[in-house]
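Hi everyone, thanks for coming.

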Amino acid sequence: MNAPVNPNKALWEKGDFTRIAATMRESGETLVEKLGITKGMQVLDLGCGDGTTALPEAKLSADVLGIDIARNLVEAGNRRAADQGLNNLKFQEGDASNLEQVPDKSFDLVVSIFGAMFAPKPFEVAKEMVRVTRPGGRIVMGNWIPNDPTFVAQLLKISSNYTPPPPEGFVSPMTWGVENNVIERFAAAGVPKENISFARDTFTFNFPGTPSAYVDEFRKYYGPTMNAFEAAEKNGRAAELQKELEELFNSQNKSQNATMIPATFLRVTVAL
Ligand SMILES: C[S@@+](CC[C@H](N)C(=O)[O-])C[C@H]1O[C@@H](n2cnc3c(N)ncnc32)[C@H](O)[C@@H]1O
């Protein structure tokens with residue numbers, strides 16, 4: 001018998017997120033430089049994709065485990081680590097809502113940049129991140145902010161306008177970009193509000209072609225946009241979606257001869 005489809009896993013195994021991640025590498029490195037990583041630090045990168053932040057963490061000589069729900073991205077991450085000779089970095093499949101294979105208090109730092117926010121059951125996610133972090137350790141999350149006027153929040157908003165409504169009880173990943181929700185989720189995991197701090201930060205997406213060619217990358221390779229186009233095609237609205245995205249990408253582009261688009265996110269730091 002076939003196992004039931006996990007829509008969360010299917011969404012991210014769709015297409016090839018590596019094509020998008022390739023446009024995020026510089027900001028990943030810049031963010032990791034700010035994390036105070038030292039040699040031998042035990043780091044968990046959750047929802048790591050193919051390692052945009054996990055590789056820079058390992059290059060700073062931390063011992064890094066990357067966990068991601070998408071099998072293809074875990075494979076891509078392990079290939080990238082091997083290509084770069086990083087023996088202190090391993091990727092494995094797992095679900096941020098249930099890190100059953102990870103012992104309690106095993107990491108000094110848990111990083112999740114636009115990763116765990118996409119897992120269902122946000123209270124379970126907060127509980128698991130707290131459980132696997134040692135006392136004195138830290139959790140750092142990067143979360144997109146709902147209704148923010150910049151790139152990714154708008155891209156996800158437009159995409160969701162063309163996608164069928166999610167099942168009842170579905171909690172939007174974007175709620176991780178609301179400070180009160182973050183406080184409530186970590187409070188339920190036993191972390192007092194005073195231990196949580198917030199900052200606005202920027203990730204810049206760099207693509208070596210035009211904004212319209214960049215829209216095509218999302219249309220072909222990025223699960224949420226692929227789903228939006230599939231639904232839009234059924235309703236005869238694909239051209240409308242394409243136009244809306246081209247307007248967004250063009251209006252946010254800061255480069256004259258390529259594509260450079262900044263996006264604001266909420267950086268959450270939790271001290272345990
Ligand atoms: C937008 S990508 C970000 C990837 C990576 N952190 C980066 O910055 O390039 C979201 C990632 O979260 C992963 N993800 C989604 N739901 C997850 C879950 N329940 N458990 C673990 N990873 C998950 C996806 O497979 C995907 O790799």
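Predicted model: local features only at pLDDT ≥ 70, side-chain atom pairs only at ≥ 80, totals over all residues.

Residues are numbered from 1 along each chain as its sequence is written, and side-chain values use heavy atoms, with hydrogens and water left out.

Back to α7, then. Its buried residues are F151, V152, A153, Q154, L155, L156, I158, S159 and Y162. And what covers them? The cover includes the strands β5, β6 and β7 along with the helices α9, α10 and α11, where cover is judged by contact, meaning heavy atoms within 4.5 Å. The length of α7 also works out: at 1.5 Å a residue, its 12 residues should span 16 Å, and the end C-alpha atoms are 17 Å apart, which agrees. That expected span is 1.5 Å times one less than the number of residues.

Now let's zoom out. The chain has 11 helices and 7 strands; these are DSSP runs, numbered from the N terminus, with helices being H or I of at least four residues and strands E of at least two. Its radius of gyration is 18 Å, close to the 19 Å that the globule rule gives for 272 residues, so the chain is as compact as a globular protein of that length. The radius is taken over C-alpha atoms, and the rule is 2.2 Å times the number of residues to the power 0.38. Along the principal axes, the C-alpha trace spans about 55 × 45 × 40 Å. Buried residues make up 52% of the chain. Among contacts with a separation of 6 or more, 77% are between residues 24 or more positions apart.

V43 lies in strand β1, residues 42-46, and is buried at a relative accessible area of 0%. Leaving out residues up to four places away in sequence, V43 touches E57, A62, D63, V64, L65, F107, L109 and V111. A126 lies in helix α6 and also counts as buried, at 0% relative accessibility. With that sequence limit of four places again, A126 touches W176, R185, F186 and A189.

Finally, two loop residues to look for on the screen. S61 is found in the loop between α4 and β2, and has a positive phi of about 75° although it is not a glycine. S61 is partly exposed, at 33% relative accessible area. K121 sits in the loop between β4 and α6, with a phi near 60°, again a positive value in a residue other than glycine. K121 counts as exposed, at 56% relative accessibility.

Technical notes
Buried < 20%, exposed > 50% of the residue type's maximum accessible area, 1.4 Å probe, protein only.
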